[in-house]
Amino acid sequence: MSRWMDARLGQLEEYVPGEQPQDMQYIKLNTNEFPYPPAPAVSERLGRGEIEGLRLYSDPTCRVLREKLAVRYKVAPDEVFVGNGSDEVLNFAFWAYGADGVRFADITYGFYPVFAALHDLPITVKPLRQDFSIDPADYLSCDQMVVIANPNAPTGLTLSLDEIEAVVRSNPEHIVVIDEAYVDFGAQSAIPLTRRYPNLLVVSTFSKSRALAGARIGFGIGDRELIRDLNRIKNTTNPYNINRLSMAAAEEAVESRAYYEDCIEKVIEAREKSKTALREMGFSVTDSRANFLFARHPGIGGKALYEALKERGILVRHFEKERIRDFVRITVGTPEQMQALLTACQGIINNGE
Ligand SMILES: *Cc1c(COP(=O)(O)O)cnc(C)c1O
C-alpha cells in the first residue's frame, strides 16, 4: 500500500481468483467455465459492424438485453438489472442492502466476505451441516440481509424452492439474495418468486452456463424498486458498465436457448458419469447439481491431489480452508477432459501419493 491510500482500504483482504494461465497448456477444470464454445449466433454477431460500433458508448440502460432477459424469464424489463459479471451485481447488493449485517454460510462463494469487508458490513457466518448441506432454519427471521448460493459453491448442493421461499417469507424487512450462478445445471430457479416477494433479489450470470465468462455479464432479477436501487449505484459509479461487444454477445446468447440446453445436457451427463467413476475409485463426492464436483479421497490430501494433477497437466481448484482442506473442486469438462481427469486420478491413487 502506498502511503497515500486510505488505511481502511489498504487492509482489505482481496478475493483470490482461481489460476488463469494464459498459455492454455492445461486441461483447465479449475474455475467452472463452460467446456463448449458460445452459441454460433454469438460469433456471427461479433463482426466488423460491432467493432466499428465501439467508437460509440454502449447503451447505459442495456435496453435490448434486458428486454430479451425479461422475455426469457417471464418478468418485466424494469425488473432486470445487468451487471459487469454477477460479481458486480452482488457487490452493489451488499452495498445497498447490507447495513444491518449480512448472513451467509461458512463454506460458500469466497467473494461474500470480501464484499462485506469492503463496505464495512457486520457478518454472521452460519456453518453448513456436517454433510455440507445448508440448514434453512439458520436463515429464518434473522433480521439481516441473507445471501445464499443455490446450488451452493463449492459443494454443489441445492435447496428446494420451498425452502428458499420460507427464508424469503420470514425476512420481509431484509433483502434475500439468491445467487444462481449454477442454477441451469440442476437447481430450481427462484425467479418466479420475485413476483410475490419484493425483498427477493435473484442474481445470475452468463459466465457458467452460457460460455461467456470472459465477456463479464451478470444480471439481477427482482422487484422494480430493487432494480432502481441497483441502477442508482451503477449510475453513481460506472453508467456504461457493459461494453458493446459483451452486450451484443449476451443478446445472442439469450436467444440461443436450444444450443445451450443441448450443451448443458452433455455437461450434466459427464458430471453424473464422473461422479460415479470417482466414487468407484474411493472418493467421497457430494451430490453436486452444478457444473463441478467436490471430492476427497481418504488416501490423499486436497493440496497433494491438486499438485499431482497439475503435474499431469490438469488444473483443479483447492481451497486452503479448514473444513474443506481435504477436497478439490473439479469443473465438469467435456467427456474427453473428464476421461483424462479420471485416468490421472487413478494413477495418482495407485501410486499411493
Ligand atoms: C462464478 C460465480 C459468480 C461470479 O460470476 P461472474 O458473473 O463471472 O462474476 C458468482 N457467484 C458464484 C457462486 C459463482 O460461482
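Helices (H or I, at least four residues) and strands (E, at least two) are DSSP runs, numbered from the N terminus. The model is predicted: local features need pLDDT of at least 70, side-chain atom pairs count only at pLDDT 80 or more, and totals for chains, interfaces and linings use all residues. Residues are numbered from 1 along each chain as its sequence is written, and side-chain values use heavy atoms, with hydrogens and water left out.

**Exercise 1. Backbone geometry**

Solution. Then turn to Asn 32, in the loop between strand 1 (27-28) and helix 2 (40-45). Asn 32 is not a glycine, yet its phi is positive, about 60 degrees. Most residues other than glycine have a negative phi, and most peptide bonds are trans.

**Exercise 2. The ligand site**

Describe the shell around the ligand and its polar contacts.

Solution. Second, sort the shell by class: four residues are nonpolar, four polar and four charged. Here Ala, Val, Leu, Ile, Met, Phe, Trp, Tyr, Cys and Pro count as nonpolar, Asp, Glu, Lys and Arg as charged, and the others, Gly among them, as polar. Third, find the main contributor: helix 5 (residues 86-97) gives the most, with three residues. Fourth, list pairs of N or O atoms within 3.5 Å. A backbone N or O atom of Ser 86 is 2.6 Å from a ligand oxygen, a polar side-chain atom of Arg 216 is 2.7 Å from a ligand oxygen, and a side-chain N or O atom of Lys 208 is 3.0 Å from one. Last, consider burial: the ligand alone exposes 390 Å², of which the protein buries 92% (Shrake-Rupley method, 1.4 Å probe).

Note on methods
Polar contact = N/O pair within 3.5 Å; in protein donor to acceptor, adjacent residues only side chain to side chain.
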